[in-house]
Amino acid sequence: MILYYRRLVSEHSRIYAFQRALEACVHPGDVVCEIGAGLGTYSFLASQAGASRVYAIEEGPVIDIAKKLYDANSKDLGTIEFIHQHSTLVVLPEKVDIVIYENFGSLGLTPVAGCILEDAFERFLKPGGTFVPNGMKLYLAAIQADTLWGETIKCLNENDERVLGLDYSLLRHLAVNERIQTSYGPDVLLCDPLIVHSLNLNECQELFFSHELEIEMIQPGILHGFGCWTDFDFPGGYTYSQVYNKSATYARSFFPMPKPVAVQPGESVHMHLSVMKKPFPDYTCTWWGEVMDRKGKIKTKWKSSTLHLLPFQSNDINLPKSFDAGYHPKLNKEGHIRKFILEQMNGSITIDTIAHKVIDQFPDEFPSFAEAFTRVIRIVKKCAI
């Protein structure tokens with residue numbers, strides 16, 4: 001954990017972008033909230049910029065380090081209240097002028113981040129307040145990435161997919177349909193970057209789109225896929241680019257081609273790119289198209305989508321919801337299952353019997369005894385004496 005946070009504070013260009021933005025938008029008497037405060041760096045910067053109070057919200061154990069860092073620097077800082085909780089479960093005593101948030105993914109906004117920002121917009125932010133950053137632009141470019149493609153796709157050579165006599169060809173099929181989170185710089189670009197989507201976070205906290213793109217090559221090389229990254233906009237007109245700054249905080253996306261294609265300046269790619277919000281917790285990304293020579297003749301076609309990976313991904317995501325004191329809770333299906341199992345744990349019947357009762361009570365949820373037995377065991381471990 002410490003190494004990760006040491007790397008974060010060593011990325012001066014990123015922190016400087018936040019510092020300049022906070023100096024531009026924090027006014028004397030403003031109240032600021034930082035969600036996912038980590039070491040508290042941006043809370044400290046907001047305090048130095050003139051905030052009267054800062055609420056630093058962090059659900060992880062790193063908040064204890066942030067408190068000690070505050071104590072070590074308190075003579076140079078104002079009032080900062082540290083709140084050890086997930087932001088959607090926090091009730092602030094007042095609305096704030098500025099919300100700072102930085103936990104973004106390789107496409108910028110993630111579905112989870114969108115839920116957190118939407119909640120903060122509704123419950124924390126004053127009318128006319130702002131997020132920091134307050135916007136983002138999503139870029140895409142054709143890229144040559146020999147090493148990256150070799151490590152992720154070529155290692156699963158289609159002519160050598162048998163390992164110890166076993167067929168592993170499925171892995172290559174899945175690999176070419178995966179959005180890979182990685183790092184690269186502007187030296188890999190084969191074309192001018194295209195802005196494929198933009199968001200004003202003060203107005204919208206959702207990222208989904210479907211676009212048809214025309215990409216013209218300006219560099220000769222080998223097309224291995226498409227890079228996608230986010231540039232962040234800050235109050236005061238400042239920006240921070242993922243692709244032009246080396247950063248351990250923000251990954252970039254790589255959408256691989258099934259097979260590399262040699263390209264020349266003037267050749268083009270007609271490409272469909274869509275990013276859909278469902279299924280939660282990640283986006284569904286689809287990218288397909290065709291590479292054409294200068295005369296418009298098709299050199300190759302492909303079609304890829306992360307939907308191919310859906311059967312192998314877990315949807316067991318624990319995203320806290322926000323509730324007010326007047327909310328009337330009601331059990332959902334998972335709640336009824338847990339309640340039923342707990343009611344059977346009266347000390348008179350065996351785990352085996354409880355599992356069979358669970359199957360009888362919830363046949364659509366437990367098609368096999370093993371699944372019911374596993375669910376019972378998990379609850380027994382947590383709740384039995």
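A cavity, on a 1 Å grid over the protein atoms alone, is a set of points where a 1.4 Å probe fits but cannot get out; a pocket is an open set with protein on both sides within 12 Å along at least five of seven lines, and lining residues have an atom within 4 Å of a point. The structure is a predicted model, in which local features need pLDDT of at least 70 and side-chain atom pairs count only at pLDDT 80 or more, while totals for chains, interfaces and linings use all residues. Residues are numbered from 1 along each chain as its sequence is written, and side-chain values use heavy atoms, with hydrogens and water left out.

**View 1. The second largest cavity is lined by L107, M136, K137, L138, H197, S198, L199, L207 and T230.** Strands β6 (135-143) and β10 (194-200) are the elements that give two or more residues to this lining; helices (H or I, at least four residues) and strands (E, at least two) are DSSP runs, numbered from the N terminus. The lining of the second largest cavity divides into 5 nonpolar, 3 polar and 1 charged residues. Here Ala, Val, Leu, Ile, Met, Phe, Trp, Tyr, Cys and Pro count as nonpolar, Asp, Glu, Lys and Arg as charged, and the others, Gly among them, as polar. The volume of the second largest cavity is about 40 Å³, a volume being the space filled by probe spheres set on the points, with grid points joined across faces, edges and corners.

**View 2. The largest cavity has a volume of about 60 Å³.** Its lining consists of T110, P111, G114, C115, E118, Q205, E206, L207, K277 and Y283. By class, these are 4 nonpolar, 3 polar and 3 charged residues. The count of cavities of 30 Å³ or more comes to 2.

**View 3. The second largest pocket has a volume of about 620 Å³.** Of the 31 residues that line this pocket, G36, A37, G38, E58 and N103 lie nearest its centre. Elements giving two or more residues to the lining are α1 (2-10), α2 (12-25), β1, α3 (41-48), β4 and α5. Helix α1 supplies the largest share, 4 residues. The lining of the second largest pocket has 16 nonpolar, 10 polar and 5 charged residues.

**View 4. An open sheet of 5 strands has the order β3-β2-β1-β4-β5, with parallel pairing.** β3 (79-83) and β5 (125-132) stand at the edges with a single partner strand each, so one side of each is left without a neighbour in the sheet. Two strands pair if DSSP finds at least two bridges between them. Strand β2 (residues 53-57) pairs with β3 in the parallel sense over 5 bridges, and V54 stands opposite I80 in β3. Helix α4 (residues 63-73) packs on the sheet and touches β2 and β3, its direction making about 165 degrees with that of β3. Axes are lines fitted to C-alpha atoms, for helices over the stretch in contact, and angles run from 0 to 180 degrees between N-to-C directions.

**View 5. M271 is found in strand β15 (residues 268-276).** M271 is buried, with a relative accessible area of 0% (buried means under 20% relative accessible area, exposed over 50%, partly exposed in between; 1.4 Å probe, protein chains only). Leaving aside neighbours within four places in sequence, the contacts of M271 (heavy atoms within 4.5 Å) include L140, F226, W287 and W302.
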